Amino acid sequence: MQPLANVTPLKPALRAGAIEVRNVGKVFKTSTQDVVALEDISLEVKPGHFVVLVGPSGCGKSTLLMMLAALLQQTSGTITINGQPIPEPDPDRVGVVFQEASLFPWLTAEENVEFPLALRGVAKSERRAKAQDALQLVGLDGFGRRHPHELSGGMKQRVSIARGLVQDPPVLLMDEPFAALDEQTRMTMGDELLRIWAATGKTVVFVTHSLTEAVYLADEVIVMSARPGRIVDRLQVPLPRPRTYDMLSGDAFGSLRDRIWRHIRKSA
Amino acid sequence: MTATTLRRLIVMGLIVLWEALPRSGLIPELFLPALSSTLVAGWNEAGEYGHALAVTLYEVAVSMMFACGGGILLGAIVGSLPRPRMLIMPMVSSLYAVPLVILYPVFTVWLGIGSESKIAFASLYGFLPTMLATAAGIQTIDPQLLLAARSMGATLSQRLVRVIIPAAIPTVLSGLRVGGALVIVGVVVSEMLISSAGIGYLISRYRTILDSPHVFAGVLLVLAMAITFNAGIRWIERKVAIWHTGTRGGESAAVEIAPGALQPAT
């Protein structure tokens with residue numbers, strides 16, 4: 001893994017995106033009934049902030065994320081990024097990292113990272129250079145030629161993050177990216193993500209089931225309840241940056257996690 | 001000793017036994033002629049065998065085109081569209097249990113006893129597994145991959161070319177392997193049943209006059225054909241699907257198809 005010093009600093013002010021969600025609802029129509037997945041969701045994310053969505057299963061947090069990525073359309077309300085609506089997926093503005101690494105197994109790591117550029121017909125040399133930068137940023141210098149099955153779970157997610165960042169979008173959306181990893185890798189990847197976030201100044205919206213992960217990573221935790229999905233609480237995390245492992249056992253950390261847990265227990 | 005050397009030793013042992021057992025008189029030459037007399041018999045009639053091989057190879061090649069082309073095309077349609085799938089799949093599955101060879105006499109009535117009836121039968125015979133494997137290959141593509149491609153702004157045609165086709169290749173190839181093997185079976189079997197040319201016809205004709213060395217020379221040719229075909233497919237698989245580690249949908253689909261597909265061969 002590469003040390004921090006190699007990272008090219010980007011200009012945070014230009015790279016960050018403001019997200020605004022206004023009165024958004026989502027109804028899934030099935031043949032027998034309509035299921036209200038999300039009801040009247042409003043939230044703002046300031047440029048460069050790290051926001052984590054938590055909530056019980058079925059609270060629609062992934063649905064909300066898919067709508068931010070324009071992979072789903074909301075039934076009502078508006079979603080804008082830097083004031084502009086997103087009618088269809090746009091990797092120039094929004095990068096997405098999925099739960100499973102979702103890398104294409106027939107492509108090498110660098111070809112995977114180049115994929116969104118190749119879709120746009122970017123020239124090979126420029127593509128390769130950008131992929132190299134992105135792989136270096138996530139600490140995978142020298143692993144570009146490997147296929148996904150030759151990489152560990154944590155390395156695959158690094159490639160996935162590199163792919164999400166390769167077009168330098170202001171917003172990075174992450175749908176339980178570390179859920180399939182073991183706990184040690186998960187902790188390391190959390191620190192890695194915070195390092196990449198600090199280096200790039202992206203606006204991050206991160207969905208997780210883990211309360212510890214939520215408090216550890218976030219500037220702000222948004223707690224949702226299930227059926228229908230609604231926002232029940234928003235917590236600012238006042239812990240200083242950079243976050244360190246010993247904060248996990250502190251009182252401030254514990255009381256934030258307890259507060260989230262009480263909400264989730266109530267609605268589950 | 002590695003598995004490979006062990007396998008080679010077993011094959012060599014079988015070849016030695018093929019020569020030694022008939023020579024020693026343990027097995028009558030009528031049941032199993034020695035390898036050397038088989039080869040000599042084949043060599044003496046090289047012209048006849050060569051002509052038969054040409055006929056058989058022509059029938060196999062044309063059937064292969066119909067079976068694999070049609071199988072991949074229809075499999076892709078059935079695999080990606082739910083409505084045709086609901087219409088066609090139950091029919092195909094029940095057809096699968098029918099010993100298709102019963103159709104061959106019908107084909108000879110329609111198309112005569114020349115190459116056409118063999119091609120029709122072998123094409124149909126190899127078509128089913130190819131189509132089923134292709135449909136399975138497309139259906140079992142991880143939806144997460146398609147979602148990821150969509151999140152990166154891939155259009156429908158980009159998703160088809162850059163995601164669906166490469167993801168389906170290993171399964172399609174394993175279908176081709178089974179389908180292609182069945183095409184060879186189909187051609188040879190139909191030649192043996194009602195025919196006037198080809199290796200199957202030669203085997204069948206020499207059998208009726210109890211000329212075992214010539215029968216076995218034909219058998220050797222069919223064996224060589226099947227082995228060459230299989231090696232060819234394996235070579236393509238290695239070239240195309242380096243990433244395919246043998247644990248994904250492709251292999252399991254081939255295993256599922258193979259036993260059922262090979263059953264109605266006789």
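These questions and answers cover a predicted model with chains A and B.

Reader: What pLDDT does chain A average?
Author: This model is predicted. In chain A, 94% of the residues score at least 70. Over residues 1-14 of chain A, however, the pLDDT is below 50. Where pLDDT is low, the predicted coordinates should not be read in detail. The average for chain A is 88.

Reader: How many residues of chain A are in contact with chain B?
Author: On the side of chain A that touches chain B, 12 residues are nonpolar, three polar and two charged. Chain B takes part with 14 residues. The number for chain A is 17.

Reader: Which helix gives the most to the side of chain A that touches chain B?
Author: The helix in question gives three residues to that side. It spans residues 109-119 of chain A. It is helix H3 of chain A.

Reader: Why is H3(A) largely enclosed by the rest of the structure?
Author: Burial here takes 20 or more other C-beta atoms within 10 Å of a residue's own. Among the residues of H3(A) that are buried are Val113(A), Phe115(A) and Leu117(A). H3(A) is largely enclosed because its buried residues number eight of the 11.

Reader: Which helices of chain A do the buried residues of H3(A) pack against?
Author: One of the helices covers residues 124-137, and another covers 153-165. They are H4 and H5 of chain A.

Reader: Which residue just after H3(A) takes a positive phi?
Author: The phi is about 75°. The residue is Gly121(A).

Reader: Where does H8(B) bend?
Author: Helix H8 of chain B has 38 residues, and a straight helix would reach 56 Å. Its end C-alpha atoms are only 48 Å apart. The bend is about 45°, and Pro170(B) follows within four residues. The bend is at Ile169(B).

Reader: How far does H10 of chain B reach from its first C-alpha to its last?
Author: Helix H10 of chain B has 29 residues. The expected span is 1.5 Å times one less than the number of residues. The reach of H10 is close to what is expected: 42 Å.

Reader: What covers the buried residues of H10(B)?
Author: The buried residues include Pro213(B), Phe216(B) and Leu221(B). Their cover includes helices of chain B: H2, H3 and H9.

Key: Residues are numbered from 1 along each chain as its sequence is written. Chains are lettered from A and ligands numbered from 1 in the order in which they are written. This is a predicted model: local features need pLDDT of at least 70, side-chain atom pairs count only at pLDDT 80 or more; totals for chains, interfaces and linings use all residues. Two residues are in contact if their C-beta atoms, placed from the backbone, lie within 7 Å. Helices (H or I, at least four residues) and strands (E, at least two) are DSSP runs, numbered from the N terminus. Ala, Val, Leu, Ile, Met, Phe, Trp, Tyr, Cys and Pro count as nonpolar, Asp, Glu, Lys and Arg as charged, and the others, Gly among them, as polar. A residue is buried if 20 or more other C-beta atoms lie within 10 Å of its own, exposed if 12 or fewer, and partly exposed in between; C-beta atoms are placed from the backbone. pLDDT is the predictor's confidence in each residue, from 0 to 100. The bend at a residue is the angle between axes fitted to the seven residues ending there and the seven starting there.
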